[in-house]
Amino acid sequence: MPTISAFYGILIQMFWNDHAPPHFHARYGEYNGIVDINSLKMLEGDLPRRALNLIIDWAELHQKELLVDWELCTQKLMPKKIEPLK
């Protein structure tokens with residue numbers, strides 16, 4: 001699973017040829033979450049509120065890039081890196 005961004009100890013990843021809806025995986029220590037790219041809502045997971053807020057802030061800034069990466073992954077192509085939250 002490629003890591004497309006990393007910031008503040010959070011890894012943002014996507015699987016190749018993953019199931020719909022378009023989403024990304026976020027890992028923070030022992031916590032994991034799946035976030036819908038279109039709605040920016042957590043679909044599954046147990047991320048701490050502070051980490052989730054950072055992830056959503058980042059995703060709002062990069063929503064179009066995330067959708068491009070999702071399309072690349074559905075075609076089993078390497079997604080592009082996305083700038084981390086600063």
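## A lysine in a loop

Let's start with K41, which sits in the loop between β4 and β5. One thing to keep in mind as we go: this is a predicted model. Is K41 buried or exposed? Its relative accessibility is 54%, and the cut-off for exposed is over 50%, so K41 counts as exposed. Leaving aside residues up to four places away in sequence, K41 touches I34, V35 and D36. And how far is K41 from F15? The two are 26 residues apart in sequence, and their C-alpha atoms are 18 Å apart in space.

## Helix α1 and its two sides

Next up is helix α1, made of the 13 residues 49-61. You can check its length yourself: at 1.5 Å a residue, α1 should span 18 Å, and its end C-alpha atoms are 19 Å apart, which agrees.

Which residues of α1 are buried? They are A51, L52, I55, I56, W58 and A59. Looking down the axis of α1, you'd find these buried residues within an arc of 165 degrees, so they line one face of the helix. Here's the general idea behind such a pattern: an α-helix has 3.6 residues a turn, so residues three or four places apart point the same way.

The face turned away from the buried side of α1 carries R49, R50 and L61, which are exposed. And what do the buried residues of α1 pack against? Their partners are the strands β1 (3-7), β2 (10-13), β3 (23-28), β4 (31-36) and β5 (42-45), plus helix α2 (63-74).

## Rings that meet

| Pair | Type | Centre to centre | Angle between planes |
|---|---|---|---|
| F7 and W58 | tilted | 5.6 Å | 35 degrees |
| F24 and W58 | edge-to-face | 5.8 Å | 85 degrees |

Each links distant parts of the chain. F7 belongs to strand β1 and W58 to helix α1, 51 residues apart. F24 lies in strand β3, 34 residues from W58 in helix α1.

Technical notes. Residues numbered from 1 in each chain as written. Predicted model: local features only at pLDDT ≥ 70, side-chain atom pairs only at ≥ 80, totals over all residues. Heavy atoms only, no water. Helix = DSSP H or I, 4+ residues; strand = E, 2+ residues; numbered from the N terminus. Expected span 1.5 Å × (residues − 1). Buried < 20%, exposed > 50% of the residue type's maximum accessible area, 1.4 Å probe, protein only. Arc of directions from axis to C-beta. Contact = heavy atoms within 4.5 Å. Phe/Tyr/Trp six-rings, centres within 6.5 Å; stacked < 30°, edge-to-face > 60°.
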